[in-house]
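User: I would like to learn how to read side-chain features in a model. Please take me through one, feature by feature.

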Amino acid sequence: MSLRHEITHHIVATYLPDTSAADLEPSLDLFDTGVVNSLQLLELIGWLRERYRLPVEDLDLSLRSFRSVAAIQDLIETNTPTGAGGATGGKTH
């Protein structure tokens, strides 16, 4: 399963249980559409931290980093060993 599919499946399973993963567009704004609220964002960050070892304490995170599946994928790829960018400890703006 690709990184994008894993993220999509987690978001659908956790926040949109009556929706098919195929129906969640990678660019859909998760906040503007009400899929994720501020409390759920904290849960999502916790999942990303555990699942992908995302070093949230070391990153300069913004809401933009979690706005869509594509943005989350980019965040992981840039800042974790799981992602294509390797474990560089890069910053997100």
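## Reading charges, a helix and rings

Analyst: At 24% relative accessibility, Arg-67 counts as partly exposed. Buried means under 20% relative accessible area, exposed over 50%, and partly exposed in between, with a 1.4 Å probe and protein chains only. This is a predicted model, where local features need pLDDT of at least 70, side-chain atom pairs count only at pLDDT 80 or more, and totals for chains, interfaces and linings use all residues. Residues are numbered from 1 along each chain as its sequence is written, and side-chain values use heavy atoms, with hydrogens and water left out.

User: With which residue does Arg-67 form a salt bridge?

Analyst: Side chains of opposite charge can pair when their charged atoms come close. A salt bridge is a side-chain nitrogen of Lys or Arg within 4 Å of a carboxyl oxygen of Asp or Glu. Arg-67 pairs with Asp-32, and their closest N and O atoms are 4.0 Å apart. The two come from distant parts of the chain, 35 residues apart: Arg-67 sits in the loop between H2 and helix H3 (69-79), Asp-32 in the loop between H1 and H2. Helices here are DSSP runs (H or I, at least four residues), numbered from the N terminus. Asp-32 is exposed, at 65% relative accessible area. A network of salt bridges links Asp-29, Asp-32 and Arg-67.

User: How many salt bridges does the structure hold?

Analyst: Four. One of them joins Arg-51 to Glu-6, with the closest N and O atoms 2.9 Å apart. That pair also links distant parts of the chain, 45 residues apart: Arg-51 is in helix H2 (residues 38-52), Glu-6 in helix H1 (residues 3-15). Arg-51 is partly exposed at 42%, whereas Glu-6 is buried at 19%. Arg-49 and Glu-57 form another salt bridge, their closest N and O atoms being 2.5 Å apart. Arg-49 is partly exposed at 44%; Glu-57 is exposed at 52%.

User: Which residues of H2 are buried?

Analyst: Leu-41, Leu-44, Ile-45, Trp-47, Leu-48 and Tyr-52. Seen down the axis of H2, they fall within an arc of 160°, so they line one face of the helix. The arc is taken from the directions from the helix axis to the C-beta atoms. These buried residues pack against H1 and H3, contact meaning heavy atoms within 4.5 Å. On the face turned away from the buried side, H2 carries the exposed residues Leu-39, Leu-42 and Glu-50.

User: What span does H2 reach from its first C-alpha to its last?

Analyst: H2 has 15 residues and reaches 21 Å, close to the 21 Å expected at 1.5 Å a residue. The expected span is 1.5 Å times one less than the number of residues. After H2 comes Arg-53, with a positive phi near 55°.

User: What kind of aromatic pair do Trp-47 and Tyr-52 form?

Analyst: A pair of aromatic rings is described by the distance of the centres and the angle of the planes. Rings of Phe, Tyr and Trp (its six-membered ring) pair if their centres lie within 6.5 Å; planes under 30 degrees apart count as stacked, over 60 as edge-to-face and the rest as tilted. The structure holds one aromatic pair. Trp-47 and Tyr-52 are edge-to-face, 5.5 Å centre to centre with 90° between the planes. Both residues, Trp-47 and Tyr-52, are buried.
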